[in-house]
Amino acid sequence: MDDIEVKKLFGKKIKNLRDENKMSQEDLSVKLEITQRQVSMIERGLSFPKLQTLNKLANIFKCNIQDLFDYSHLQSQEILKTELKKIIDDYNSEKIRTLYLIAKNLH
């Protein structure tokens, strides 16, 4: 796993934890004492937090720092998304439209 992938998975993990805790990026930024833009960059995998911020994240989400790096469920999602993209690439426009309607109704 390269640095870019680690940052992206970490960002998704933080976003999931934030969503599970019904927090906005602004709420989290206040608790972390960083800007909302910094939270956004972390969640998008464009930035990685300092150790001090990692400690605060663990405290906010009531977990160990090491739990912040458990990406197992996210990696599975990424694999599924990649496989779905491969399948869709082979579909004609009618099948893509049907799949879109199914996905939209599931959402």
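# Reading a predicted helical model

Trainee: What makes a run of residues a helix?

Mentor: Helices are DSSP runs of H or I with at least four residues, strands are runs of E with at least two, and both are numbered from the N terminus.

Trainee: Is L9 buried or exposed?

Mentor: Buried means under 20% relative accessible area, exposed over 50%, and partly exposed in between, using a 1.4 Å probe and protein chains only. L9 has a relative accessible area of 3%, so it is buried.

Trainee: Which residues of helix α4 are buried?

Mentor: Helix α4 covers residues 51-60, and its buried residues are T53, L54, K56, L57, A58 and I60. These buried residues pack against α1 (3-20) and α2 (25-32), where a contact means heavy atoms within 4.5 Å.

Trainee: How many residues does the largest nonpolar core have?

Mentor: A nonpolar core is a set of buried Ala, Val, Leu, Ile, Met, Phe, Trp, Tyr and Cys residues joined through side-chain atoms within 4.5 Å. The largest one here has 18 residues, and F10, I14, L28, L32, L57, F61 and L68 have the most contacts inside it. At least two residues of this core come from each of α1, α2, α3 (36-43) and α4. Take L28: leaving out residues up to four places away in sequence, L28 touches I14, R18, M23, V39, L57, I60 and F61.

Trainee: How many salt bridges does the structure hold?

Mentor: Side chains of opposite charge can pair when their charged atoms come close. The criterion is a side-chain nitrogen of Lys or Arg within 4 Å of a carboxyl oxygen of Asp or Glu. The structure holds five salt bridges.

Trainee: What links K15, R18, D19 and E43?

Mentor: A network of salt bridges links K15, R18, D19 and E43. R18 and E43 join through their side chains at 2.5 Å, N to O. R18 is in helix α1 and E43 in helix α3, so this pair ties together parts that are 25 residues apart in sequence. Both R18 and E43 are buried. D19 pairs with K15, and their closest N and O atoms are 2.8 Å apart. An α-helix has 3.6 residues a turn, so residues three or four places apart point the same way. D19 and K15 are four residues apart in helix α1, about one helical turn. D19 is partly exposed at 38% relative accessibility, and K15 is partly exposed at 36%.

Trainee: Which helix holds E83 and K86?

Mentor: E83 and K86 both lie in helix α5, three residues apart, about one turn of the helix. Their side chains meet in a salt bridge at 3.4 Å, N to O. E83 is partly exposed at 39%, and K86 is partly exposed at 47%.

Trainee: How far from K13 is the nearest side chain of opposite charge?

Mentor: For charge, Lys and Arg count as positive and Asp and Glu as negative, while His and the chain ends are not counted. K13, in helix α1, is buried without a salt bridge, and D70, the nearest side chain of opposite charge, is 4.7 Å away. K13 touches D67, L68, D70, Y71, H73 and L74, again setting aside residues up to four places away in sequence.

Trainee: Which residues form a nonpolar patch on the surface?

Mentor: Patches are made of residues with over 30% relative accessible area and no salt bridge; like charges are joined within 9 Å, and nonpolar side chains (Val, Leu, Ile, Met, Phe, Trp, Tyr) within 5 Å. Areas come from the Shrake-Rupley method with a 1.4 Å probe, and for residues only the protein chains shown count as cover. The patch consists of L84, I87, Y91 and I96, which together have about 320 Å² of accessible area. L84 belongs to helix α5 (residues 72-89) and is partly exposed at 46% relative accessibility.

Trainee: Where is K62 found?

Mentor: K62 is found in the loop between α4 and α5, and has a positive phi of about 50° although it is not a glycine. K62 is exposed, at 75% relative accessible area. E33, also not a glycine, has a positive phi of about 60°. E33 sits in the loop between α2 and α3 and is exposed at 64% relative accessibility.

Technical notes: Residues are numbered from 1 along each chain as its sequence is written. This is a predicted model: local features need pLDDT of at least 70, side-chain atom pairs count only at pLDDT 80 or more; totals for chains, interfaces and linings use all residues. Side-chain values use heavy atoms; hydrogens and water are left out.
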